[in-house]
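Have a look at the sequence and the fold, and then try each task before reading its solution.

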Amino acid sequence: MSTAETIRNRVLRVRRGEPFTNTRFLKLGSRASVDKTLSRLVEEGVIQRIARGVFVRPKKSRFIGSVMPDVAKVVEVMARDHGETIQVHGAEAARRFKLSTQVPTMPVFYTSGPSRELKVGNLTVKLRHASHRKLHLAGKRPGLALSALWYLGKNNVNANVVGAIREGLTAEEFETLKHTDMPGWMAGALERYGKEAAHA
């Protein structure tokens with residue numbers, strides 16, 4: 001079986017709507033042959049290119065046609081390729097815990113890699129470099145809470161904020177959050193207001 005046929009067979013085994021990168025196939029042939037095969041599959045409509053080096057087998061909906069994967073999934077796949085850790089930006093994290101109603105105009109993520117902008121379909125996505133401390137528990141719900149707390153800052157974290165975070169996490173997740181590496185003001189607020197929320 002040729003390299004092109006092997007790659008095609010592997011591509012057809014990827015779940016529809018699941019983003020993947022060209023590096024996934026580099027063990028099967030040279031970079032040039034992999035890129036050429038993937039380009040041919042794009043031309044044939046077997047896959048779609050959604051960002052540089054990132055593809056998807058289109059998932060169809062009878063209402064809207066092709067359904068694009070979630071931007072966060074695409075960014076995670078790209079970051080994994082570069083050995084980076086990605087975390088949801090604090091503004092979005094705060095919104096998910098109902099601590100803010102602001103919807104960011106552009107998707108923003110924290111990254112352990114360099115700050116930069118990416119194109120995902122028609123969207124521009126911002127990656128902002130963040131310290132290792134701000135990326136603790138990335139991809140998990142306690143990490144999302146941590147991101148929200150960093151974003152809100154020392155002067156805005158009160159009983160209501162901690163109550164909303166405690167409500168949005170399981171008891172186990174809240175304990176995980178409390179025991180991660182964080183500044184003293186944050187740990188103190190979680191301890192103090194967490195007890196109040198528990199007895200409320």
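This is a predicted model: local features need pLDDT of at least 70, side-chain atom pairs count only at pLDDT 80 or more; totals for chains, interfaces and linings use all residues.

**Exercise 1. Find how helix α5 and helix α6 are oriented to each other, and describe their contact.**

Step 1: Locate the helices. Helix α5 covers residues 141-152 and helix α6 covers residues 159-168.

Step 2: Look at the axes. They come within 10 Å and cross at roughly 165 degrees.

Step 3: Apply the cut-off. An angle over 145 degrees counts as roughly antiparallel, and therefore α5 and α6 are roughly antiparallel to each other. The crossing of α5 with α6 is right-handed.

Step 4: List the residues that meet. From α5 come Arg 141, Ala 145, Leu 149 and Leu 152, and from α6 come Val 161, Ile 165 and Gly 168. Sorted by type, the residues of this contact are 5 nonpolar, 1 polar and 1 charged.

**Exercise 2. Now do the task again for α6 and helix α7.**

Step 1: Helix α7 spans residues 171-178. Its axis and that of α6 are 8 Å apart, and the packing angle is about 125 degrees.

Step 2: Angles over 145 degrees count as roughly antiparallel, and 65 to 115 as roughly perpendicular. The α6 and α7 pair is therefore oblique.

Step 3: On the α6 side, the contact involves Val 162, Ile 165, Arg 166 and Gly 168; these meet Glu 173, Phe 174 and Leu 177 in α7. The contact residues divide into 4 nonpolar, 1 polar and 2 charged.

**Exercise 3. Work out which strands pair with β9, and in which sense.**

Step 1: Take strand β7 (residues 108-111). It runs parallel to strand β9 (residues 123-129), and 4 bridges join the two. Here Thr 111 stands opposite His 129.

Step 2: Take strand β8 (residues 116-120). It is antiparallel to β9, with 5 bridges between them. Val 120 faces Leu 123 across this pairing.

Step 3: Check the turn. The hairpin of β8 and β9 has 2 residues between the strands, and Gly 121 has a positive phi near 65 degrees there.

**Exercise 4. Give the strand order in the open sheet that contains β1, and name the edge strands.**

Step 1: The order is β1-β3-β2, with antiparallel pairing.

Step 2: The edges are β1 (20-21) and β2 (48-51), each pairing on one side only.

Step 3: Look at one pair. β2 and strand β3 (residues 54-56) share 3 bridges, and Gln 48 has Val 56 in β3 as its bridge partner.

Conventions:
Residues are numbered from 1 along each chain as its sequence is written. Side-chain values use heavy atoms; hydrogens and water are left out. Two strands pair if DSSP finds at least two bridges between them. Axes are lines fitted to C-alpha atoms, for helices over the stretch in contact, and angles run from 0 to 180 degrees between N-to-C directions. Angles under 35 degrees count as roughly parallel, over 145 as roughly antiparallel, 65 to 115 as roughly perpendicular and the rest as oblique. A crossing is left-handed if the near helix is turned anticlockwise from the far one by less than a right angle, and right-handed if clockwise. Contact means heavy atoms within 4.5 Å. Ala, Val, Leu, Ile, Met, Phe, Trp, Tyr, Cys and Pro count as nonpolar, Asp, Glu, Lys and Arg as charged, and the others, Gly among them, as polar.
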